[in-house]
Amino acid sequence: MRERLSMDKDWLFHLGELQRDDETSHDAIYGNAKAGGLKGAASIEWNDNAWDTVQLPHDWSYQLPFDREHGIADFGYKQRGTGWYRKKFKLSTEDEGKQLLLEFDGIATHATIYLNGSILERNYCGYTSFAVDITDRAFYGDRPNLLVVKVDASISEGWWYEGAGIYRHVWLTKTAPLHIDHRGVWVRPEKQDEKQWHTHIETKLSNEATGRKEYKLISQIYNDKKLLVAEDSYSDILEAGEAKSINTQIPVQVPALWDVDAPHLYELHSIIEYNGQIIDRVKTTFGYRTIRICPDKGFYLNERQLKLKGTCNHQDHAGVGVALPDALQEYRIKRLKDMGSNAYRCAHHNPTPELLEVCDRLGMLVMDENRNFDSSREGILQVENMVTRDRNHPSVIFYSLFNEEPLQGTPIGRKMFQRMKKAVQQLDPTRPVLGAMHGGVMEDHGVADISDITGFNYMNGAYDKFKEKHPKQPMIGSETVSAFSTRNCYESDTSKQEFDSYDRERANWGNTVRESWKTINTRDYVMGTFVWTGFDYRGEPTPYEWPSVSTHFGIMDTCGFPKDAYYLYQAFWLDEPILHILPHWNWQGKEGQPIEVMAHTNCDEVALYINGKLVSRQAVDIYEQLMWEVPYEPGVLRAEGYRNQQVVKVTEVKTTGEAVTLKAELQKQELLSNGKDATVVNIYAVDKDNNFVPTDNRLLSFSIQGDGKILGSGNGNPNSHESDISNERYLFNGCMQLIVQSTAGTTPISLQFESDGLETLLLPIPIVATDEYSHIPSVSERYINEWTVSQTPYAHRPDPNMEIESTDMNSWEKVDVSFGARETLKGIDGYVIYRNRIPMSFVQHEQDPYLWFHSICGNAEIYINEKLVLKQDFPWSMDLEVPLRLPLDNETITITVLLAINKEMYSPGVNGAVSIRTK
C-alpha cells in the first residue's frame, strides 16, 4: 500500500559555501565524474559534526540580523546566500521493489538535489513544488541513504522577502510497482442540469514491474459525512513499463455544492486492486461548483453573482519568515474571512499546498499565480507544474500567468502569453486565464484582449475607457488600493516613518480604500478587487527605506493584528451591522485640543457622544464614511449605529489607565502532541479594568516549559529591528505575538511573560496525546563506506602499509563496502587490502570513539596510521569494534584492513557498512 511519510525531521544544516582542500586532486575530479562518486558535502563521508540540526520547514534568512550595509531593502535588509542540508536515513529491505518518490513543496531559491553521491535534480523556481524519483538510487537495510540539498538563495525571483532554504515540507512516497502516478488523478465535476452532475475522472497509471499486470481500478466518491455516494470500476492489463490514462465518468445526483459560505468537500478514493488485493489508494479532495464570467455582470459562483472581495498576499509571517507551520495558514485565512474577504490572490507565485487546502476547507476563492512570465521550456514546465498540482482544488478559480510585465502590451508578450495559456488549457480548460497588467491594456497587439479576463493593477481611470473599446472583455481589479497605515497610529510622522489610520495616506500610483472600493463596486462589469495587501509583509519597504524593514500596505500588520482599515473593509464587505470608531482615546496632555474621529460603518446613521453628550448624528455615505473633530476630554467616546431608525450597533472607545497586566488570546486552546501542531499566541497590555492599552510599548521577556517550543515572535512594527528568535520583544502599540509549536511529548506547555511594572502572566497550553506524525527518522552515525581495495587478491602477504598512488584506478578500486560481499573474493585463497582516510575532525571532539565494522570476514590485521591496533580471525561474517585511541599525530586518520581469506569462507572481506560511534 501507498505510504506518504514526512521527511521534515532532523536535517543537518550549514550556512555558507563549503571549501575542500582536495577539490583539484585527481581523486576528487575522477570521483566527481562518476555516478555516485561525488565528493564534498554530497558524499557520505563528509564531516558534518559541527552542522546544526534543524526541522523543516526552515528559513535561515529571517534568523539573521538586519544588515543595512549588506542586506537589500527589497529583502527586508536580510542577507540570503547559500546553505546546505543533509539527511541520512535508512529504508527497510521490505521497501525493495517499491517505487520511491521524494516531493519538495518549495525551496528558496535555486536548489540542487543529491542522493547517495549523485545529482538527481535541479530546480530553478523557489515557489514550484517538484518531485524526484529515487527508485533506482535508493539503498535498503543497514546501508544508509544520504539526501543532500544545496540551496543558492543569492539568486532572487521577486522584489520582496523570499526567505531562504527548504521552507516548505518534504515527503517520501512509497508505492507498488503498479501504481497511480504522482498527481495522476484529476477530478472535473460538470453540471448537467439542476439535479445531475457528471464527475469526470482522469487516472494515470504506471506499471514499473518486469511483467504484465491485470488490475482493477475502483473509483469511489464520498461526501463530507464520509458516506459513499457513487462508485465505478474498470479492469484492464498494463504491460511491463507501460503507462496509461483512464477516463471515467460517474454521475452524482444533487451533490452539496462547494461555496464560499458552505464549502462542501467530497473525496475521491482511487483504488488499484491486483490479484484481489488493494495495492494502491489515492485520496483526492474536490468540490462540486460552477464558475462563470460575464463581461457585463462579472463573476458567478454556482450561478449566483458574486463580487470578488479579495486581497493580495505574500507568504511570510512575523516570527517565522516564510517557514510557516500549517496552523498559521489557517490563522491567516480565518482573519481574512472574518474581515469579509472571499478571495485570495497568491502574489506573485504558487502558494504552499497547505494554503490551498485551508482555502478549500474554509471557503476562500483563489487566484493562483505563476511566478515567471516565460514561454521557454523551463517557463512552460513551471506553468504546467502549477496546473497539475492545483487543478483539483475547488477554491482555485483563476490562473494568473504574470504580474506587471514590461512586455504585456507588446506583440512579443502576446505570443508568449498565447503559448503559456495553451499549456494551461491543455491541462485544465475549466478555469479562466489572465495576467495582472499595470499598463498596455489599450494596446491592440498586447495581452489584454486575448486573456480570458483582463487584470487591472490600479489604473482606476482606465476601466470605462477599456470597457468602451472592448465591451465583451471581462475585467477585474487584479491589484488595487496600495494605501498606507500603521497599526494604532493616528498621526503621520515622517521622522518615525509611521502613517495615520484615517484612510488618506496612499502610494502615488494607488488609491484610498474608499476611492478604490467605490470605483469597483459601482461598476457591475468589474467583477471584483484584490487589495494590496491583506497583511504587511517583509521587504519592499515603501515609501520609506531604512529603518523600515517591512511594508505599510497591509490591512493587517505582519502578525495579523487588524489595523483600522480592517473594519472599513468589514463595513464594505459584510452584511451584518459594523460600527468602528477611531482613534484610541488616550490623549493625555491634549485636553481641549481637537482630535479627528472617524467612523467605519455600514449603518444608515451614526450618533457620536463624548461622555454622554451628543456630538452629532449624521447620515452615512457608505463610500465617504463620517469624520468629526472632537475636543479631547478623557472618558468615553460612544457611537450608536442606526438602520431604519433603530439602533443596531453600539461601540465605545475609552480612556484607559496604565497597563498593569497582560491578556492572552490563543488561536487554539490546546495542541496535539505530534510535534507539528502550532498556535498563535497574541498578547495585549491591559489596565486594571481589563481595557486594552494601545499606547503601551514596554519590553516583555518570555519563556516556555513543557513539550513545546517558541518558533518566533513579532509585534507588527514595520521599523522594528528586534530578532524574531530572541526571548524578549517590545510591545508595539499594545500588542505582540508568539508562534508556539508542540514537540513530541505530552507534558503541558507553560508560557511565562514578564515585564517591569506588570503582573507576570502564566499561560498554560494543554497537550492532547496523539501519535507522532509519520516520518522518516534521520540516522546520526557517521559512515565511511568509500574504500580503496586491491582489485586482485595477493597470493602472498603484502605490506599492509604500502603506498597507493592516487591515480591508480585499475589495480586499486573504489568500492562502497555497504553493498555486501564482493563476488571476486569468493572461492579464493590469498590476501586483500582495504584502505580509507578520514579527517581527524571526524573524531577529535568525541569521547572514546571507535570504528564499528557492521560485517567483516577473514583473518584481519587492522592498522591506524600504520600502527597495528588489532589482529583477530573472523572465520565467518561478524561485527567488530576498533577503538580510535587519541591523540593521533596526523591531520587525517589512515585506516588499513589486511584480510587473509580462503576459499571456504562464504562472504570474505569487509562486506558491511563501517561507521564511527562513541561510547
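This is a predicted model: local features need pLDDT of at least 70, side-chain atom pairs count only at pLDDT 80 or more; totals for chains, interfaces and linings use all residues.
**View 1. The largest cavity and its lining.**
The structure contains three cavities of 30 Å³ or more. Sorted by class, the lining of the largest cavity consists of ten polar, six charged and four nonpolar residues.

**View 2. Asn 370, in a loop between a strand and a helix.**
Asn 370 sits in the loop that runs between β23 (365–369) and α4 (377–390). Its relative accessible area is 2%, and because buried means under 20%, Asn 370 counts as buried. The side chain of Asn 370 has a polar atom 2.6 Å from the backbone oxygen of Asn 372. The Asn 370 side chain also reaches the backbone oxygen of Leu 401, at 3.3 Å. When neighbours within four places in sequence are left aside, the residues in contact with Asn 370 include His 348, His 349 and Asn 350. Gln 382, Val 383 and Met 386 are also among the contacts of Asn 370, as are Ser 400, Leu 401 and Met 420.

**View 3. Gln 847, in a loop between two strands.**
The loop between β49 (830–839) and β50 (849–864) holds Gln 847. Gln 847 has a relative accessible area of 59%; the class of exposed residues begins over 50%, so Gln 847 is exposed. Not counting residues up to four places away in sequence, Gln 847 touches Thr 918 and Lys 919. Gln 847 and Lys 919 are 72 residues apart in sequence, while their C-alpha atoms are 6.9 Å apart in space.

Glu 891 is placed in the loop between β51 (867–883) and β52 (892–901). With a relative accessibility of 73%, Glu 891 counts as exposed, because that class takes in values over 50%. Apart from neighbours within four places in sequence, Glu 891 is in contact with Pro 839 and Met 840. Ser 841 is 50 residues from Glu 891 along the chain, and the C-alpha atoms of these two residues are separated by 8.0 Å.

Note on methods:
Residues are numbered from 1 along each chain as its sequence is written. Side-chain values use heavy atoms; hydrogens and water are left out. On a 1 Å grid over the protein atoms alone, a cavity is a set of points where a 1.4 Å probe fits but cannot get out, and a pocket is an open set with protein on both sides within 12 Å along at least five of seven lines; lining residues have an atom within 4 Å of a point. Grid points are joined across faces, edges and corners, and a volume is the space filled by probe spheres set on the points. Ala, Val, Leu, Ile, Met, Phe, Trp, Tyr, Cys and Pro count as nonpolar, Asp, Glu, Lys and Arg as charged, and the others, Gly among them, as polar. Helices (H or I, at least four residues) and strands (E, at least two) are DSSP runs, numbered from the N terminus. Buried means under 20% relative accessible area, exposed over 50%, partly exposed in between (1.4 Å probe, protein chains only). A polar contact is a pair of N or O atoms within 3.5 Å; within protein, one must be able to donate a hydrogen and the other to accept it, and residues adjacent in sequence count only if both atoms are side-chain atoms. Contact means heavy atoms within 4.5 Å.
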